[in-house]
Amino acid sequence: MNIGIIGLEKSGKTTIFNALTGAAIPLDTFNEGKTEPNIAQVDVPDERVEVLTEMYKPKKTVYGKIEFNDFIGLKSADTGKGLFTSQSMALIKNSDALALILRNFSHESLNAAMYPPDPLKDMEIIRSELVLSDLVIIEKRLERITKDLSRGRSTPLLLKEQGVLEKINTLLSEGNPINLENLNSEEQKLISGFRFLTLKPLFVILNSDEQSYGNNPELIKTIEETSHIIEFAGNFEMELTTLEPEEAAEFIKDMGITESARKRLIAFAFDLLGYMSFYTVGEDEVRAWTINKGDTALIAAGTIHTDLAKGFIRAECFNYADLVELGNEKEVKKNGKWRLEGKEYIVRDGDILNIRFNV
Ligand SMILES: Nc1nc2c(ncn2[C@@H]2O[C@H](COP(=O)(O)OP(=O)(O)O)[C@@H](O)[C@H]2O)c(=O)[nH]1
Ligand SMILES: [Mg+2]
């Protein structure tokens, strides 16, 4: 899973990227001509992996992974139109979800026009930019279709595509994001290849200064009307990553923060995006895997390796909760909590799987 960090320039994207990943990217790299995104993979914090490692004493422990991409800053509205460069656009398209950073702090380095912060306005700017980006894609495609049709290359499928794109075009032109609820499954399939930005799950990270952090209930309430939101004190969180754990723990307590930014954000994103973890265990390796809620045993197998999906026979399955309650696998079996499941089995959060397969 891959989260793209977007926002206006100087909203604190790189600061938060550093806080989340423990990287130490200088804050002004993009001003100096850097155009490729900062990318880092981090472990998904997971107590269950720790407990399983304790139990199985494997040679290797592998946590779930989540990737963060910090894109080049979008210029603020007063410096010009077309906030996304085509290069960052192409990259943002690959994100599974977008984290929209809103600046809620003042800074001497920011010019007068950007001072004081106006997170609601910034949110509007980015949202309309996402809409605009989708509109551009649709317009191009519609032109192409019109051309094809005028050359007599009409097919029922092409006409259907034209229909659904026109429908979306109208919605977007009114400033609305694309809403799948307005589309039937055939229409949804027809547009899935475009990877429209307004279709991506999006949540807001309100980047507040240390003084106001935790004291923005009104603002948060307003943002909540349209978006899921989590508040960070970006600067503070970034500095925490440079401290020794004990020292950091003390600062965290003083700020009234319960967990590190990474822990809070990943838990928030998992919940919001409907992700969950299953596990594989053994002498060699204890490992966490990420899938979507509702995914089948077959999909879980394919996440581990395509061969396991191709040659899937059965999934040996028990749940972490039963294992911890009963103490070991033997007891789990004795108590009838160890099962063999088929392809269609819906994997539960915390399931421990061993795929029987044959290639
Ligand atoms: N006071 C304060 N300053 C911040 C915070 N987050 C970022 N900044 C400052 O804002 C400026 C821009 O930050 P940066 O992360 O480079 O923003 P980006 O352009 O969105 O990547 C830097 O000078 C940061 O030190 C914050 O939470 N509080
Ligand atoms: Mg930056």
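Analyst: Helix α1 gives 3 residues to the shell around ligand 1, the largest share. This is a predicted model, and the description below should be read accordingly. In total, 18 residues surround ligand 1. The closest are Gly12, Lys13, Thr14, Thr15 and Gly234. Two elements give two or more residues to this shell, namely α1 (13-21) and α8 (234-240). Sorted by class, the shell around ligand 1 comprises 11 polar, 4 charged and 3 nonpolar residues.

Lys13 lies 26 residues along the chain from Ile39, and their C-alpha atoms are separated by 12 Å. Ile39 belongs to strand β2 (residues 38-43).

Glu67 leads on to the pairing of strands. Glu67 is in β4, where it stands opposite Asn2. Strand β1 (residues 2-7) and strand β4 (residues 65-70) run parallel and are joined by 4 bridges. On β1 there is also a pairing with strand β5 (residues 97-104), again parallel, through 5 bridges. Within that pairing, Ile6 has Leu100 of β5 as its bridge partner. Strand β1 is mostly covered, with 5 of its 6 residues buried. In a regular strand, side chains alternate between the two faces of the sheet.

Setting aside residues up to four places away in sequence, Leu100 touches Ile6, Gly7, Met123, Ile126, Leu202, Val204 and Ile205. Leu100 is also one of the residues that touch the most other members of the largest nonpolar core, together with Ile5, Ile16, Val204 and Ile205. That core has 45 residues. Domain 1 (2-45 + 64-116 + 200-273) and domain 2 (129-199) both contribute residues to the core, which therefore lies between them. Another core, of 24 residues, lies apart from it and includes Tyr279, Val286, Ile291 and Ala297.

Asp118 lies in the loop between β5 and α4 (119-150). Asp118 counts as partly exposed because it has 14 C-beta neighbours inside 10 Å. From Asp118 to Asn235 there are 117 residues in sequence, while the distance in space is 18 Å, C-alpha to C-alpha.

Finally, the chain as a whole gives the setting for these details. The chain contains 14 helices and 12 strands. Its C-alpha atoms fill a box of roughly 65 × 65 × 35 Å, taken along the principal axes. Of the 359 residues in the chain, 31% are buried. Among contacts between residues at least 6 apart in sequence, 70% join residues at least 24 apart.

Key:
Residues are numbered from 1 along each chain as its sequence is written. Chains are lettered from A and ligands numbered from 1 in the order in which they are written. This is a predicted model: local features need pLDDT of at least 70, side-chain atom pairs count only at pLDDT 80 or more; totals for chains, interfaces and linings use all residues. A nonpolar core is a set of buried Ala, Val, Leu, Ile, Met, Phe, Trp, Tyr and Cys residues joined through C-beta atoms within 7 Å. A residue is buried if 20 or more other C-beta atoms lie within 10 Å of its own, exposed if 12 or fewer, and partly exposed in between; C-beta atoms are placed from the backbone. Domain bounds come from an automatic or database domain assignment. Two residues are in contact if their C-beta atoms, placed from the backbone, lie within 7 Å. Two strands pair if DSSP finds at least two bridges between them. A residue is near a molecule or strand if its C-beta atom, placed from the backbone, lies within 6 Å of it. Ala, Val, Leu, Ile, Met, Phe, Trp, Tyr, Cys and Pro count as nonpolar, Asp, Glu, Lys and Arg as charged, and the others, Gly among them, as polar.
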